[in-house]
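Q: I am new to this structure and would like to learn how its features are read, one at a time. Could we begin with the terms and then go on to the cases?

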Amino acid sequence: MEVDKLEELLRRAEGEAFEREDYETIRAVLESYYYVTHLIGKKNTTIDRLRKLLFGAATEKTADVVGRRDEEPAAEPSAASRSDGTQSPTKEPSPVRRQGHGRQGADAYPGATKIVVPHESLQPGDSCSVCRRGTVYEVARPGVLVRFVGRAPLAATIYQLQKLRCNLCGKTFTAQAPVDVGAEKYDATVASMIGLLKYGSGLPFNRLDGLQRNLEVPLPASTQWDIVHAPVPKLVPAYEELIRQAAQGDVLHNDDTTVKILELMGARAQRRALAESAANAEPQRRVDERSGLFTSGIVATRGGRRIALFFSGRQHAGENLKDVLRNRAAELPKPIQMCDALSRNLPGELETIVAHCLAHGRRQFVEVSGRFPQECRYVLEALEVIYRNDALTRERHLSPAERLEFHQAESGPTMEQLHGWLTQQRDEKRVEPNSALGAAISYLVKHWEKLTLFLRKPGAPLDNNLCERALKKAILHRKNALFYKTQNGARVGDLYMSLIHTCELCAANPFDYLNQLQRHAAAMAAAPENWMPWNYRAALTTVPSTPTN
């Protein structure tokens, strides 16, 4: 709230000259004050934690949280932690990464238009113009000139068709439009670009409206919605096929973030008012209805492929995962589910092999590292060894079975040592159980089996970062567009986000993919399994070519 506005409110309060909207202002101030004081009053809230809650955290790297050890080894957390002969995990020096120069070669632009420019005076086989004796031949690698051109995100072309009229009979003759120009005003690429900008990059309709207007190619926000909504029936078969294939995944990550859907929020407020009036009339009557709104992210992995799905509404991540798993083939074994320890992330009666996110447990020690530096250093450095080992498995392209064997040999002793230290701190009361550090230790010990599934099950991930990165799509949209107006608008956003982010996870071009789905809607609807981001280009070779304009 602006200071001037608050001072004006105080002046009106002094003179008892309140206006109607002043109540909401006062309520907002008091709610904010209550929230901040509630955070400060909690025993595990520090200035650092409060700053992170209000302004966000910059990094959680071990070196930035607790710093690097000096050449002399630092003391262990306590004498009790060394009584069993354990040592702090040793770490190899991190390799120095070579800094890039920021430039890209021509091969880094596969989507750029390529134009072959012949030599202005020579052709292969001509005599050399310098020595006059040899002949020139074409070099395998041509010279390259990369040139960028700026233009409006959505460009328009005006075709002025010449008209001729007979001066005697009055008959009018109009020139034919070019054969490669469609009859519709908006090409399929327009919906793809708007969808990519809004649901992929978080650019709201009104912001794109202003940009287009400034570049003298206006496209109103309401028209943008009509354009992006029109091809949804054509895209639905691909979205449903993504859901079906995600259900067959070996590992499924899921998590939630909040969302605002005005249509549902208005209905919720109306029902709440009715419930309150009914409660006043009949004290025994109560309405127990969920009020939260969530965007659930589900990322499924199988055979090196990743599929991202988004669902917005009243359902939690576990309920949405249950709906997805209903499409799973009966003969497949139970999948691995990676999530945090919230019960609402579980899919109910549909069984999964649950693994919990190690990063969630690690983050609790990051948050209290300022008050318990030695203890947190010990835990964070132990987990650093695990993450370094996992990075090595990716660099060496190990299979799930080889990765499991590697972790058991290299990470198992470190995790066993860490578990012994944690249980010793808890059982011997070396740490106050009700303190922030005690809560962090209790979390790891309580969920140890699910946090260490990667030591027993091939393919089990360490954390849920894959899903949390996917949810940044929804968070970016929420940050810029603030809300969806209707449930239908939320479904459209979920569809576009799912298709776009799956393309990104599969290293496919989302713009081209959305274009091809619209241009070959009939063929895609007949066999959607052939039109996934990882194989749609092969399907393009079996269908007739279509105009690109």
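Predicted model: local features only at pLDDT ≥ 70, side-chain atom pairs only at ≥ 80, totals over all residues.

Q: Is Lys185 buried or exposed?
A: Exposed means over 50% relative accessible area. Lys185 has a relative accessible area of 72%, and therefore it is exposed. The C-alpha atom of Lys185 is separated by 9.5 Å from that of Ala156, a residue 29 residues apart from it along the chain.

Q: Which helix holds Asp390, and is Asp390 buried or exposed?
A: Asp390 is found in helix α12, which covers residues 373-395. Buried means under 20% relative accessible area, and because its relative accessibility is 9%, Asp390 counts as buried. Its C-alpha atom and that of Arg403, 13 residues apart along the chain, are separated by 8.0 Å.

Q: How many of the residues of helix α11 are buried?
A: The general idea to keep in mind is that an α-helix has 3.6 residues a turn, so residues three or four places apart point the same way. Helix α11, residues 358-367, is mostly covered, with seven of its 10 residues buried. Among them are Leu358, Ala359, Phe365 and Val366, and also His360 and Arg362.

Q: How is the packing of two helices read, and at what angle do α11 and α15 cross?
A: Two packed helices are described by the angle between their axes and the distance between the axes. The axes of α11 and helix α15 (residues 436-446) cross at roughly 165 degrees and come within 9 Å. That angle makes α11 roughly antiparallel to α15, and α11 passes α15 in a left-handed crossing.

Q: At what angle do helices α6 and α7 pack?
A: Helix α6 (residues 205-214) and helix α7 (residues 221-229) pack at an angle of about 115 degrees, and their axes are 8 Å apart. Angles of 65 to 115 degrees count as roughly perpendicular, and α6 and α7 are therefore roughly perpendicular to each other. The crossing of these two helices, α6 and α7, is right-handed.

Q: What is the phi of Glu216, and where does Glu216 lie?
A: Most residues other than glycine have a negative phi. Glu216, although it is not a glycine, has a positive phi of about 65 degrees. Glu216 has its place in the loop between α6 and α7, and at 71% relative accessibility it counts as exposed. Leu482 is also not a glycine, and its phi is positive at about 75 degrees; Leu482 lies in the loop between α17 and α18.

Q: Which residues line the largest cavity?
A: The lining includes Leu482, together with Val259, Lys260, His477, Arg478 and Asp494. The elements that give two or more residues to this lining are α17 (465-481) and α18 (487-505), and α17 gives the most, with three residues. By class, the lining has six nonpolar, three polar and three charged residues.

Key. Residues numbered from 1 in each chain as written. Heavy atoms only, no water. 1 Å grid on protein atoms, 1.4 Å probe; cavity = no way out; pocket = protein on both sides within 12 Å on 5 of 7 lines; lining within 4 Å. Helix = DSSP H or I, 4+ residues; strand = E, 2+ residues; numbered from the N terminus. Nonpolar A, V, L, I, M, F, W, Y, C, P; charged D, E, K, R; others polar. Buried < 20%, exposed > 50% of the residue type's maximum accessible area, 1.4 Å probe, protein only. Axes fitted to C-alpha atoms, helices over the stretch in contact; angles between N-to-C directions. Parallel < 35°, antiparallel > 145°, perpendicular 65-115°, else oblique. Left-handed = near helix turned anticlockwise from the far one by under 90°.
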